[in-house]
Amino acid sequence: MTASRSDLRLTGLTKRFSGFTAVDGLDLTISQGEFFALLGPSGCGKTTTLRMIAGLEEPTGGSIHLGDLDVTEKKPYQRPVNTVFQNYALFPHLSVFENVAFGLRRRGVKDVKKQALEALDLVELGHLAQRRPAQLSGGQQQRIALARAVVNRPQVLLLDEPLGALDLKLRRQMQIELKRIQTEVGITFVHVTHDQEEAMTMADRVAVMNHGKIEQLGAPAELYEAPGTTFVANFLGQSNLVAVTRSGTDGQYTMVDVGGQKLRIRTDRCSSEGELLLGVRPEKIRLHSAADPVPSGLNQLTGGVVLDASYLGVSTQYLVRMPWGQNLTVFAQNLGIGERFSDGSAVQLAWEPDHSFGLAGDAGAGVESTLED
Amino acid sequence: MAALTPASVEPDELPRASGRQLRTVLLLLIPGLLWLGVFFVVPIFTLAGTSTQTPSGSGLPGEFVQTFHLANYWDAISAYRGHFARSFFYSILATLLCLAIGYPLAYLIAFRAGRLRNLLLVLVVAPFFTSFVLRTLAWRQILADDGWVVSALKWLHLIPSDLAVTASPIAVVAGITYNFLPFMVLPLYSSLERIDPRLIEAGGDLYGTSFTVLRKVTFPLSMPGVVAGTLLTFIPASGDYVNAALLGNTRTTMIGNVVESRFFRVVDYPTAAALSFILMAIILVLVILYVRRAGTEELV
């Protein structure tokens with residue numbers, strides 16, 4: 001370990017099980033003190049990646065470095081890494097205190113009692129030290145699992161779907177709590193989840209994984225506003241993806257055409273060649289009655305018919321049938337000032353050109369599924 | 001907080017049995033209760049009755065009258081104190097050996113056997129397909145002083161060259177260990193197999209070496225299996241007489257052999273009955289002490 005930085009570096013990390021590749025040549029550097037999320041659907045290789053970092057799974061190829069230390073071949077107990085397991089894996093035969101003290105005792109730390117109680121105080125459960133894990137609620141067990149890992153002050157803390165078993169309200173609360181604790185202890189957190197909201201709320205950077213590879217990596221806002229692939233566009237929130245044809249450029253914009261209507265995408269947010277899909281988030285679109293004028297300078301699509309309007313309280317979700325047969329989704333905030341549209345209304349869609357993104361159109365799988373939504 | 005533990009929640013949630021359901025339950029219990037009554041409760045009272053009888057005046061063997069002669073117990077204890085001690089010594093030793101052999105075996109089957117798991121389990125039970133007596137007799141051959149097993153061990157200097165194994169306490173304990181091993185392995189396996197592998201991973205993740213994790217996590221969590229296995233081995237082993245009869249000599253007789261000979265050869269029913277009750281009482285006390293000490297009720 002160097003005195004300066006101890007980044008976590010994965011180089012060409014690969015794991016093959018008989019017949020399929022779970023993790024496929026992963027290159028990734030996670031900075032010290034960062035809250036990093038690995039996000040993806042089940043089977044994308046995120047948990048396998050985590051288990052390789054923990055030493056619970058042996059890589060088929062590649063290496064894992066912590067700063068200058070090569071830990072690829074090290075046993076789990078030889079790594080300055082701890083894990084918060086899915087479903088917590090608290091020792092049922094030990095008290096909460098002994099669970100938290102387990103790692104300290106194994107390392108022969110001096111003041112076990114003081115440190116373990118401090119860790120329990122960090123998660124605000126000091127008063128439950130003598131209970132058994134089975135006597136605690138799910139949320140409390142989750143915190144104990146966190147305290148049990150954090151107390152060892154590892155260089156990297158791995159969290160495997162830590163909030164998956166909690167109900168929505170508790171999950172929200174724990175998201176804030178986790179973020180607070182991470183800031184307080186300053187340990188690198190690597191968080192595996194399939195819940196995009198969880199990743200976006202907490203992480204400094206998110207890597208979206210699919211089929212054992214990283215599809216895109218960046219800050220949550222970056223991924224959301226400018227997804228690089230159709231997979232990211234659909235996995236992270238919802239997207240409207242429209243197949244378009246290129247028709248030229250205009251300054252910093254690429255001009256595209258759909259059903260004879262001209263639209264603009266910023267060239268730096270647009271895939272440079274091949275089939276093109278124009279993407280726009282549903283909440284970026286504003287609905288206008290077909291008769292009303294639309295302010296100039298906006299991307300505009302006319303000829304829509306409202307198929308369905310669902311009132312969701314905060315917003316109204318519209319499904320709009322376009323002339324070329326595709327249904328687009330529009331979220332309209334219920335500000336109480338705009339017009340509400342009912343089923344069958346003739347509408348037009350408008351949005352800032354800067355909110356469009358252009359994706360390489362592997363005009364297949366990813367897109368079809370959005371059409372059905 | 002207490003309300004969150006399943007135990008305190010469930011009783012309230014259970015639907016109350018209606019009168020009709022209750023009748024069905026009782027009806028279903030009748031065969032079992034009848035069985036217990038006819039083949040357990042009645043015999044145990046008969047046995048208790050027999051244990052305090054004294055010979056009738058007729059002088060005919062096997063004729064006894066009830067005289068509530070409690071001294072039978074005292075006589076039985078003082079006459080066979082050594083046999084009791086030997087029985088428990090052998091059975092405790094055999095139980096410990098079973099645990100020492102059975103634990104690694106059960107561990108292997110539960111965690112490392114992969115696809116071979118079921119095959120290995122069948123192999124553990126396979127000896128039961130052959131007669132108990134035949135298998136025990138086979139051990140006579142295996143442990144014969146001039147047989148190849150003992151010769152090979154002597155040649156390897158694993159046992160002293162002048163050691164007599166045939167018809168010795170060693171042979172008896174070996175026989176008991178062999179015969180009761182499956183009763184140790186199966187409960188151990190079932191409790192090891194139920195341990196969440198993530199707990200073992202968590203032990204390693206929290207800086208425990210394989211051995212520490214075994215000692216601090218796996219073994220404590222397998223305690224229900226250890227307790228069940230040791231009881232299933234120890235209890236029948238203390239009353240066993242086949243191994244001592246077939247593999248031992250006159251100086252290795254266990255209490256089971258005494259009961260057998262009192263009953264069938266000497267036709268001294270009261271002593272045999274008293275010995276049975278004493279054996280039962282000692283086992284009961286030992287088991288209660290053991291289970292209290294092992295404290296399995298704390299494990300969920």
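Trainee: At what angle do the axes of helix 7 of chain B and helix 10 of chain B cross, and within what distance do they come?

Mentor: Keep in mind that this is a predicted model. In general, two packed helices are described by the angle between their axes and the distance between the axes. Here, helix 7 (residues 169–193) of chain B and helix 10 (residues 223–239) of chain B cross at roughly 160 degrees, with axes that come within 7 Å. Angles over 145 degrees count as roughly antiparallel, so helix 7 of chain B is roughly antiparallel to helix 10 of chain B.

Trainee: Is the crossing of helix 7 of chain B with helix 10 of chain B left-handed or right-handed?

Mentor: Right-handed, as helix 7 of chain B passes helix 10 of chain B. From helix 7 of chain B, the contact residues include Ile176(B), Phe180(B), Phe183(B) and Met184(B), and from helix 10 of chain B they include Gly225(B), Val226(B), Ala228(B) and Gly229(B). By class, this contact has eleven nonpolar, five polar and no charged residues.

Trainee: Now for chain A: which domains does the assignment give?

Mentor: Domain 1 (8–225) and domain 2 (230–372). Their C-alpha centres lie 38 Å apart, and the contact takes 14 residues from domain 1 of chain A and ten residues from domain 2 of chain A. Between them the two domains bury about 1,100 Å², 64% of it on carbon and sulfur atoms. On the domain 1 side, Gln196(A), Tyr224(A) and Glu225(A) supply 51% of the area buried against domain 2 of chain A, more than any other three residues.

Trainee: And what area is buried between chain A and chain B?

Mentor: About 2,400 Å², of which carbon and sulfur atoms give 65%. Chain A brings 31 residues to the contact and chain B brings 22 residues. Look at Tyr77(A), His93(A) and Arg106(A): they supply 27% of the area that chain A buries against chain B, more than any other three residues.

Key. Residues numbered from 1 in each chain as written. Chains lettered and ligands numbered in written order. Predicted model: local features only at pLDDT ≥ 70, side-chain atom pairs only at ≥ 80, totals over all residues. Heavy atoms only, no water. Axes fitted to C-alpha atoms, helices over the stretch in contact; angles between N-to-C directions. Helix = DSSP H or I, 4+ residues; strand = E, 2+ residues; numbered from the N terminus. Parallel < 35°, antiparallel > 145°, perpendicular 65-115°, else oblique. Left-handed = near helix turned anticlockwise from the far one by under 90°. Contact = heavy atoms within 4.5 Å. Nonpolar A, V, L, I, M, F, W, Y, C, P; charged D, E, K, R; others polar. Domains from an automatic or database assignment. Buried area = accessible area lost by both parts, 1.4 Å probe.
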